[in-house]
Amino acid sequence: MALIKLQDKDSAEFKRLMQESFQFGYEEVFGKCDELILPEKDIDECLKKENTHAYVMKDNHEILGGVVVEINEKTQHNKLDFLFVNVHCQNKGIGQRIWSEIETLYPDTEIWETCTPYFDKRNIHFYVNRLKFHIVEFYNGKNPDEDWDENHPMEGQEMFEFKKIMKK
């Protein structure tokens, strides 16, 4: 198993597996949904950001999961945008391994930030109990995220924000 930079030849499969993983998480809670939970345009917008880095966890040629992070070299307050594990490989420690390697790749990080939907107890458990992030905010109708305008894909959604302080 190795975490490597996302290459063009793996891009379509990376996005498909990410979408499948997010769809699976949603449908586990709410049941079958015909609407795509994570549209490709949202992934593409994230991947186009200037300081974004995407990686895939591979075993031989199979993509087991992946991650997209935003790195701010100046502040070292970095963001985890997406982390997913192939639905056929979950519950085997792959997500933790991906994250461990990301922390190794970015040792100067002072703070990691991420968000996840309120309903995804599995993700909340993963971030809090496995990766040791802390919940710092709950975005909802009475406490909207100020950075999200009406065009943001998660606008109007209830989300938890997490932070992990790496250095004091």
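**Exercise 1.** Work out whether threonine 116 is buried or exposed.

*Solution.* Threonine 116 has a relative accessible area of 1%. Buried means under 20%, exposed over 50% and partly exposed in between, with a 1.4 Å probe and protein chains only, so threonine 116 counts as buried.

A quick note before going on: this is a predicted model, where local features need pLDDT of at least 70 and side-chain atom pairs pLDDT 80 or more, while totals for chains, interfaces and linings use all residues. Residues are numbered from 1 along each chain as its sequence is written, and side-chain values use heavy atoms, without hydrogens and water.

**Exercise 2.** Find what surrounds threonine 116.

*Solution.* Start with its place: strand E5, residues 111-117 (strands are DSSP E runs of at least two residues, helices H or I runs of at least four, numbered from the N terminus). Next, skip neighbours within four places in sequence; the contacts (heavy atoms within 4.5 Å) then include Tyr127, Met159 and Phe162. Finally, Asn123 is also on that list, and its side chain makes a polar contact of 2.9 Å with the side chain of threonine 116. Such a contact is a pair of N or O atoms within 3.5 Å; within protein, one must be able to donate a hydrogen and the other to accept it, and residues adjacent in sequence count only if both atoms are side-chain atoms.
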